[in-house]
Structure formats: structure tokens, C-alpha cells
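Hi,

Here is the structure I said I would pass on.

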Amino acid sequence: MSQTAPTHRSKPVQKAFKNFTDYWLTDASFGVLLLILVFTVFILPILIEYEHVHFVFVNTVFLFLFFTGIWSSRERILIFLTSGLFFTQLGLRLLRFSDFDFEFYLSERIVGILNMLVFIFLNIRLLFRDMEINIYRVIGAINVYLLVAILGAFVFETIQIITGSGIAGAAELRGVDEDYPQYIYFSLVSLTTVGFGDMYPTHIMAKMLSVFLSTVGILYPAVVIARLVGANKK
């Protein structure tokens with residue numbers, strides 16, 4: 001009896017783990033991801049600006065996004081890729097609390113960009129799989145749009161770190177996590193082609209990125225709508 005007990009105890013754990021992994025491949029997961037992204041893009045910057053959250057929590061939010069990416073595909077090569085990127089990101093973020101925090105800051109941001117690129121790719125695949133049209137797929141399209149905004153924020157910050165200049169204007173950049181509200185704001189302004197003018201790109205790479213985001217912001221809705229409408233007619 002003592003030999004079979006661990007097996008029986010492990011079955012509920014295995015079932016819970018399987019349900020978790022299966023969930024992120026269903027359309028319903030788009031709804032949960034939307035809530036996380038809305039918080040990350042629109043609410044988290046406000047909390048950071050008013051110093052209402054600790055940066056351990058901020059880093060945990062991004063790590064959870066990358067963690068869900070591991071379960072967004074059943075293909076072994078993608079699982080290995082997303083797992084490797086996640087644990088690399090985790091290791092670099094843990095170094096944030098060591099004596100070598102700033103030395104690995106740029107590496108952390110670059111890995112974050114790679115993580116976000118793969119996560120966007122996986123969500124696009126899930127969005128257009130079997131070309132089924134429902135409310136969850138519409139939510140999935142919004143998720144990809146918000147993920148592109150976060151990716152833009154990461155790249156703007158990386159340009160700022162590498163070149164020493166990227167964007168300028170009303171806000172003062174300090175070169176740390178506290179700058180995330182400014183980067184996500186400018187990324188959204190570029191992506192939505194609003195262009196308030198209170199912040200603007202100063203380096204050529206930041207200028208080209210701003211133009212690229214504006215182009216994506218215009219073309220992405222048109223392409224997605226056309227794809228979904230075309231699939232619906234079939």
C-alpha cells in the first residue's frame with residue numbers, strides 16, 4: 001500500500017497540470033490574457049508612476065506572460081525555445097537583486113524582446129488556427145495588438161540604453177524600470193498614430209521604430225479584419 005500511495009497522490013497534481021497546459025491552447029485563454037494585458041498596458045504604468053507597486057511585482061507580471069507562452073504550443077521545438085527564453089529571462093531578472101544588477105540590464109531587455117517576439121508569433125498562430133471565427137478570436141486579435149505595444153516599449157528602452165538617446169520630451173527618463181510608463185505610452189501613441197507631440201523620437205532607430213509601429217497600427221486591423229471576414233465567407 002505504501003508504494004501505491006504516491007501514485008494516487010500525484011494523480012490530482014498531474015490532472016491539474018494537464019488542465020492548466022490544455023487551457024492555454026483553448027480560445028477561452030484569450031479572455032484571461034486580455035485582462036492581464038489590459039492591466040500591464042493601462043494600469044501598471046499608473047501604479048509605477050505613483051509608486052504603488054514594488055518592482056518585484058512588476059517583473060512577476062512580465063515573467064507570467066512569458067511563462068504562459070511555454071504552454072501556447074504543443075510543438076517540441078517551440079516548447080524548448082519558449083522554456084529556454086523564459087528561464088534565461090528569469091535568471092537575468094534574479095540578477096537584478098545581486099551586486100551585478102546593471103551589468104545584465106541590457107541582456108535582460110534583449111531577451112525580453114526575443115520572448116515577446118516569440119509570444120506574439122504564438123498568439124498569431126492561435127488566433128488563425130483552423131480559421132474559426134468567434135468572439136474569442138476577436139479578443140485574440142486585440143491581445144496581439146497590445147503585445148506589439150509592449151514589444152515597442154521594450155525596443156524603445158533598448159535603443160535608449162544602447163545609444164543614450166531614443167525618445168525625449170515632457171518626461172524625464174532615468175534608465176531603469178521606472179521608465180516603463182513613458183516607453184509604453186510612446187509606443188501606444190506611435191501604434192495608434194495619435195501623435196500628441198509631448199514626446200518624440202530623437203535617435204534615427206527610434207524614429208524608424210516609431211514609423212514602423214504607426215504602419216503596423218494602420219495595417220494590422222485591416223489585415224486581420226480581411227482575414228477573418230474571408231475565412232467567414234468560406
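Helix α5 itself covers residues 105-128. Helices here are DSSP runs of H or I with at least four residues, strands are runs of E with at least two, and both are numbered from the N terminus. The length of α5 works out: its 24 residues at 1.5 Å each should span 34 Å, and the end C-alpha atoms are 35 Å apart, which agrees. (The expected span is 1.5 Å times one less than the number of residues.)

Before you go further, note that this is a predicted model, so local features need pLDDT of at least 70 and side-chain atom pairs count only at pLDDT 80 or more, while totals for chains, interfaces and linings use all residues. Residues are numbered from 1 along each chain as its sequence is written, and side-chain values use heavy atoms, with hydrogens and water left out.

Now the overall picture. The protein chain has eight helices and two strands, in the order α-α-α-α-α-α-β-α-β-α. Its C-alpha trace spans about 70 × 55 × 30 Å along the principal axes. Of the 234 residues, 44% are buried, where buried means under 20% relative accessible area, exposed means over 50% and partly exposed is in between (1.4 Å probe, protein chains only). If you take contacts (heavy atoms within 4.5 Å) between residues at least 6 apart in sequence, 72% of them join residues at least 24 apart.

What sits inside? The largest nonpolar core has 54 residues, and those with the most contacts within it are Phe62, Leu65, Met116, Ile150, Phe156, Tyr180 and Ile184. Two or more residues each come from α2 (29-49), α3, α5, α6 (135-163), α7 (180-191) and α8 (204-233), and α6 gives the largest share, with 14 residues. Another core, of six residues, lies apart from it and includes Leu85, Val111, Val118 and Leu122. By nonpolar core I mean a set of buried Ala, Val, Leu, Ile, Met, Phe, Trp, Tyr and Cys residues joined through side-chain atoms within 4.5 Å.

Leaving out residues up to four places away in sequence, Phe62 touches Thr40, Leu44, Arg93, Ile150, Phe154 and Tyr180.

Then try Asn59, in helix α3 (residues 55-70). Is Asn59 buried or exposed? Asn59 counts as buried because its relative accessible area is 7%. Beyond its neighbours within four places in sequence, Asn59 is in contact with Arg93, Arg96, Glu108 and Asp177.

Both of those residues also turn up around a cavity: Asn59 and Phe62 are among the lining residues of the largest one, along with Val58, Arg93, Arg109, Phe154, Glu157, Val176, Asp177, Asp179 and Tyr180. The elements giving two or more residues to this lining are α3 and α6, and α3 gives the most, with three. By class, the lining has five nonpolar, one polar and five charged residues. (Ala, Val, Leu, Ile, Met, Phe, Trp, Tyr, Cys and Pro count as nonpolar, Asp, Glu, Lys and Arg as charged, and the others, Gly among them, as polar.) The volume of this cavity is about 90 Å³.

In total there are three cavities of 30 Å³ or more.

Grid points are joined across faces, edges and corners, and a volume is the space filled by probe spheres set on the points.

On to pockets. The second largest pocket has a volume of about 160 Å³, and helix α1 (residues 5-23) supplies the largest share of its lining, four residues.

Last one: Ile142, in helix α6, is partly exposed, at 40% relative accessibility. Ile142 and Pro221 are 79 residues apart in sequence, with 9.2 Å between their C-alpha atoms.

Cheers

Notes: 1 Å grid on protein atoms, 1.4 Å probe; cavity = no way out; pocket = protein on both sides within 12 Å on 5 of 7 lines; lining within 4 Å.
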